[in-house]
Amino acid sequence: MRKWNVMLAILLFAAAALAGCASKDNNAANPSGAAQGAAENAAEQIPQVLTTNLSGGEPYTLDPAFASDTTSYFIIDNLYEGLYTYDKSGKIVEGAASKVDVSADAKTYTFTIRDGAKWSNGDPVTAQDFEYSWKRVLNPKTAAYDPSSLYYIKGAEEYNTGKGSAEDVGVTAKDDHTLVVELKAPLSIFPIIAVGHAYLPVRSTVVDKDEKWAAESNTIVGNGPYVPQEWKHNEQITLAKNDHYWNKDAISMETIHFKMVQDATTYYQMYKTGDLDMILSLPLDTIDQEKENKEYLSHPSFSVYTYSFNVKEKPFTNQKIRQAFSYAIDRESLTKNVTKGGETPATGYVPYGLTNPSGKDFRDDAPEKYYEFNAQKAKELLAEGLKEEGLTQLPPVTFKYNTADNHKKVAEALQEMLKENLGVEIKLENQEWKTYIDTFKQKNFQAARMGWEGNYLDPLGVLGHYTSSNSNNFTNWSNKEYDNLIEKSTYELDPNKRVELLQQAEKVLMEDLPIIPILFSADTALVSPKVTGIIFDARSNPDLRFATRIEQ
């Protein structure tokens, strides 16, 4: 138990360090202490309305069981709350649970549901809601997006893969207020994992009554700080403060409007004319001129911008051809001349920001930098790969990406680099977000863009995506050595040994290369000085729960 506590403390420290690594420019949008209090007092008579944008357009879904993208999560995070949540400083704290007891062997968690926790329709939130929701995600008939996030629970993987029953899953509501969770083995990072979207609750009576319950504003019932007020599809979603939320007194903003404008130039102009209070993902050609603007923010994101290979689609069935494409990319030039928003070249898969027990960043502690630009090596590997495949030239290759100005510019830069440095012609194909998500999930691509945000702030939050059984692995890649290393690192309680295992796993991933890491992402934003208290950090989308309007 003592070793487990030490490991948990180390991981939570690392997570807190990453969560607090926003740039100094963030101070204008995220004041603290007396300044925040003064702002809130001044705002008492000001209508608390915030208008922002969903640059991804229409959310793929607002059902947490099926969501897979940051556009959907931006809304979902305001509608639902799990057993754990984050406070203003980025620390993991109790959410829908008021107390958590952990057994001496660290395998059993007993959660006490808050007395005041209610659904937006006034029903009490119960332990049964969580048992129902988690088993719904695991039910193979549900075909949920990310059941593997729950595989740490006893019997969960067996149930999801048809080798066990729901009764064997270690999630039991003892009564309305008591949820008992049994893990397969001691897991130091379970609180970090359990903040994830697969662990969010839904109301069983609502879900069972209408299979399309999450498709319209008037049928969605949540337990988070906000509730949908209006949903004009492909145009706007409006959220209203949830009067039944247990912590409603901490929520200032009464109404949040999410516009759905995908064209970056258009939503940038809307911000400039005051029609939007905040925008994310600035047009790339505006970043240089906005960097001195006090309203501009840039901060690291625990995510990696990638192109995924389908390793069952030629020519990317060949490892050397995959490696050749990676060596042909000049990531340094891409960050300096194209994206320019604070991104860094991805010379590995785990992003910067996680502190190892050594005191060094996980990235800096890695034994090597992977795929630094080398055009000559790229050409040699391509020739070797073609020879292995019995080919004299590369078959047609298409890179797919979702429609957005920034993604288009990155794709075009990659297209030019691969032509110049590798001598290959790449066709580009773009799709609207909802269509693209389905294309990606169906593995209907040779190579496709995706930004993988960590499920939680730990190396496993990104490395875990590529195990054979992981729900996020759409590459058709499977490697037993990699699976074993991830499994061992998951339950290793010695922090130094755990880091070694994770670094070994990353090395296997990088050498076999089912994906090309391109950039370690940074998020850019413009935030009106009329709004304060929005929290920007590396976890995910901006946290709007504590936002306050201080000027009309």
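Guide: Asn-223 is buried, because its relative accessible area is 3%; buried means under 20% relative accessible area, exposed over 50%, and partly exposed in between, with a 1.4 Å probe and protein chains only. This is a predicted model, in which local features need pLDDT of at least 70 and side-chain atom pairs count only at pLDDT 80 or more, while totals for chains, interfaces and linings use all residues. Residues are numbered from 1 along each chain as its sequence is written, and side-chain values use heavy atoms, leaving out hydrogens and water.

Asn-223 belongs to the loop between helix H7 (204-209) and strand S8. Helices (H or I, at least four residues) and strands (E, at least two) are DSSP runs, numbered from the N terminus. The side chain of Asn-223 makes a polar contact with the backbone nitrogen of Glu-81 at 2.8 Å. A polar contact is a pair of N or O atoms within 3.5 Å; within protein, one must be able to donate a hydrogen and the other to accept it, and residues adjacent in sequence count only if both atoms are side-chain atoms.

Asn-218 lies in that loop between H7 and S8 as well. Asn-218, however, is exposed, because its relative accessible area is 67%. Its C-alpha atom is separated by 8.7 Å from that of Trp-231, 13 residues apart along the chain.

Axes are lines fitted to C-alpha atoms, for helices over the stretch in contact, and angles run from 0 to 180 degrees between N-to-C directions. Within the sheet, strand S9 (residues 236-241) and strand S10 (residues 255-259) run antiparallel and are joined by five bridges. Ala-240 has Thr-255 in S10 as its bridge partner.

S10 also takes part in a ring contact. Phe-74 and Phe-258 form an edge-to-face aromatic pair, 5.2 Å centre to centre with 75° between the planes. Phe-74 lies in helix H3 (residues 70-79) and Phe-258 in S10, so this pair ties together parts that are 184 residues apart in sequence. Both Phe-74 and Phe-258 are buried. Rings of Phe, Tyr and Trp (its six-membered ring) pair if their centres lie within 6.5 Å; planes under 30 degrees apart count as stacked, over 60 as edge-to-face and the rest as tilted. The structure holds 21 such pairs. Ring pairs also link Tyr-84, Tyr-109, Phe-111, Phe-130, Trp-134, Phe-190 and Tyr-199 into a cluster.

In soluble globular proteins, nonpolar side chains tend to be buried together.

A second open sheet has four strands in the order S4-S5-S7-S6, with antiparallel pairing. Its edges are strand S4 (97-102) and S6, each with a single partner strand, so one side of each is left without a neighbour in the sheet. The twist averages 20° from one strand to the next. S4 and strand S5 (residues 108-113) are paired over five bridges in the antiparallel sense, and Asp-101 has Thr-110 in S5 as its bridge partner. Strand S6 (residues 171-175) and strand S7 (residues 178-182) run antiparallel and are joined by four bridges; a hairpin of two residues connects S6 to S7. The bridge partner of Thr-172 in S7 is Val-180.

Definitions and conventions
Pairing = 2+ DSSP bridges.
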